Amino acid sequence: MDGQTRLFYGTRRRRPKLARAEGAYIWDVDGRRWLDGSSGAMVCNIGHSNPRVLDAMRAQMEIATFGYRLHFETEPSERLADRLAQAAPDGLGRVFFTSGGSEAVESALKLARSHALAVGQGQRWKVISRFPAYHGCTLGALSVTGYAPMTAPYAPMMVQMPKIPAPRAWLDGRPLDDPATGQHYADMLEARILEEGPETVLAFIVEPVGGASTGALVPPAGYMARIRDICDRYGVLLIHDEVISGGGRLGRWFAGDHWGVVPDMITISKGFGSGYMPLGALIAKDSIAETVLDHGSYPHGFTYAGNPLACAAGLAVMDVIEDDGLMPNAMAMGEQLAARLRALMQRYGFIGDVRGMGLLQAFELVSDRDSRAPLPAALNAYDTLVEAAYDEGLIIYARRSRGGHSGDHFIVAPPMIVTEAQIDEIIEKLTRALDRFAQGAGL
Ligand code: PMP
């Protein structure tokens, strides 16, 4: 095993060893420092090593670190469930804890199915989602994920779920603020429901603001409300996957609140645990949970659900976000970051789009701004630019955005504690990385 590792993360790439992390920075064992410009994978919303969260965790550790949910309820899990239900739109008052986002999505799909069975609609099982979209890597969550590199190898092992195009207005050359654009994409849902047979459609799952697979995709005007109407018309449950968009970095606990839309279920994870502990949840309408309990059962659950240490961390994270005014800061710093990224478009003709909301911002690279044609896949831009930034001491998050074959977007989503000086630092480091990338690619 010389020079090798026993760790198996599915790649041979090695990474430096983390020594410590504090605020927006991470250091490795050789003393190198990185600005965590993507909060890991849009996780560490309040930054690293927050003393209040660490204190809350230490206090809980003295009490108990585990209580099996079928044997005991715990105070942190009850309090966090209350807190989440209060933060959620009216009517969504039942919280089913998980350890992560994929588990939360699995739980939503299965609760929707259990609800259909409870109301005598057992023919409903299809969950419509969008392409591209990311909802998790377990087989159920993967079946609603629209991201070919991760789905294709496992296709024979999954139920094929219907997909409709995500509303990529910029890519399709449609104005984002025109209600006709929102209607155009929302009506694809109605058409698909009718094509599948409305009596077979269980749910529609959507990221209110897209994350990893679409690069901070903001919905066009009218889209979210019209989606809700269409779901209501056909008795289809609406699931907001807020694993990335929830937790405050978009200025609200739930991004869906920006459009005043009330879904039937919300899935959360990442930012709500902020990296302190694995934590996720499904928040469901009381009426759905009650119907399931009245008429059937919900045979589903994870061993670590409602872990008291994870819930104590989650409570402290919500306290910090509220008490330290981090949501307003996320909106203010997000505006600055967006403006600075947009300014880079003047310097680099190959940045085709800058989009996002709050501290979930992204830019997408193109070979031609007018046609929005992607950069040649051979340039491997998403890897090359991320590595160039990494060498400069800046972490950004990248995915190939157009179904995995071409197109590259980059997410910049620093912790919500980020300062103006740190936004400057992000832009300086990113500029150096973009210069190196442009030079190497001959752009
Ligand atoms: N849903 C969304 C919107 C996500 O972004 C992710 C993770 N990137 C997941 C679900 C899955 O979460 P996890 O990796 O914690 O299982």
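Predicted model: local features only at pLDDT ≥ 70, side-chain atom pairs only at ≥ 80, totals over all residues.
Residues are numbered from 1 along each chain as its sequence is written. Local features need pLDDT of at least 70 and side-chain atom pairs count only at pLDDT 80 or more, while totals for chains, interfaces and linings use all residues.

Me: What makes a residue part of the shell around the ligand, and which come nearest?
Reply: The C-beta atom, placed from the backbone, must lie within 6 Å of the molecule. Of the 15 residues around the ligand, G100, G101, S102, G136 and V243 come nearest.

Me: Why are β1 (18–22) and β3 (33–35) said to stand at the edges?
Reply: Strands are DSSP runs of E with at least two residues, numbered from the N terminus, and two strands pair if DSSP finds at least two bridges between them. The open sheet has 3 strands in the order β1-β2-β3, with antiparallel pairing. β1 and β3 each have a single partner strand, so one side of each is left without a neighbour in the sheet.

Me: How do you know that strand β2 (residues 25–28) pairs with β3?
Reply: The requirement is at least two bridges, and 3 bridges join β2 to β3. Within this pairing, W27 has R33 of β3 as its bridge partner.

Me: What makes domain 1 and domain 2 count as in contact?
Reply: The bounds come from an automatic or database domain assignment, which gives domain 1 as 18–49 + 325–441 and domain 2 as 53–323. Two residues are in contact if their C-beta atoms, placed from the backbone, lie within 7 Å. By that criterion, 30 residues of domain 1 are in contact with 31 residues of domain 2.

Note on methods: Helix = DSSP H or I, 4+ residues; strand = E, 2+ residues; numbered from the N terminus.
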